[in-house]
Amino acid sequence: MTFDAIDAWWWPFLFILVAGWLATDIWRWIGVFLGNKIDETAELLVYVRAVATALVAAVIAQLILFPSGALAETAIGLRILATVIGFALYLYFSSRIAVGVFSSLMVLTIGMLMGY
């Protein structure tokens, strides 16, 4: 079965849905099954957590330094300011991710509306 196997408007959506589900859901179930047996302080888990954190940091850095789409039209100073304010408010409000994300989004939105 390939992406071009069926010539119907709904096929690409179904293909992406099934392929995306199979590619991720199996690993989630394996993680749940094995996660109950792994000690949180185990060196392997600490390493995996460090790699995952580094990947998130790399994606954020890429979005700030080499953005695409509408974000590319904003000044780098605005992107850095939004990141700093979002992180500061994240820390100030007891590590609440939603506060950091939405505050950064608001800074970017206001900055874009003001033409920066």
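Ser 103 touches Ile 85, Gly 86 and Leu 89, leaving aside residues up to four places away in sequence. The model is a predicted one.

**Ser 103**

- Ser 103 belongs to helix 4, which comprises residues 97–113.
- Ser 103 has a relative accessible area of 11% and is therefore classed as buried, the cut-off being under 20%.
- The side chain of Ser 103 comes to 2.7 Å from the backbone oxygen of Val 99.

**Helix 3: geometry and burial**

- Helix 3 has 17 residues, which at 1.5 Å a residue should span 24 Å; the end C-alpha atoms are 24 Å apart, so the two values agree.
- The buried residues of helix 3 include Leu 78, Arg 79, Ala 82 and Gly 86.
- These residues cover an arc of only 100 degrees around the axis, and therefore lie on the same side of helix 3.
- The packing partners of the buried residues of helix 3 are helix 2 (43–65) and helix 4.
- Exposed residues Phe 87 and Tyr 92 are carried on the face of helix 3 turned away from its buried side.
- Ser 94, which follows helix 3, has a positive phi, near 55 degrees.

**Aromatic pairs**

- The count of aromatic pairs comes to 4.
- One of these is formed by Phe 87 and Tyr 90, which are stacked at 6.1 Å centre to centre with 25 degrees between the planes.
- Phe 87 and Tyr 90 are separated by about one helical turn, because they are 3 residues apart in helix 3 (residues 76–92).
- An α-helix has 3.6 residues a turn, so residues three or four places apart point the same way.
- Tyr 90 has 24% relative accessibility and so counts as partly exposed.
- Tyr 92 and Phe 93 form an edge-to-face pair, with 5.1 Å centre to centre and 90 degrees between the planes.
- Within that pair, Tyr 92 is exposed, at a relative accessible area of 65%, while Phe 93 is partly exposed, at 39%.
- Trp 10, Trp 11 and Phe 15 are linked into a cluster by ring pairs.

How values were computed:
Residues numbered from 1 in each chain as written. Predicted model: local features only at pLDDT ≥ 70, side-chain atom pairs only at ≥ 80, totals over all residues. Heavy atoms only, no water. Helix = DSSP H or I, 4+ residues; strand = E, 2+ residues; numbered from the N terminus. Buried < 20%, exposed > 50% of the residue type's maximum accessible area, 1.4 Å probe, protein only. Polar contact = N/O pair within 3.5 Å; in protein donor to acceptor, adjacent residues only side chain to side chain. Contact = heavy atoms within 4.5 Å. Phe/Tyr/Trp six-rings, centres within 6.5 Å; stacked < 30°, edge-to-face > 60°. Expected span 1.5 Å × (residues − 1). Arc of directions from axis to C-beta.
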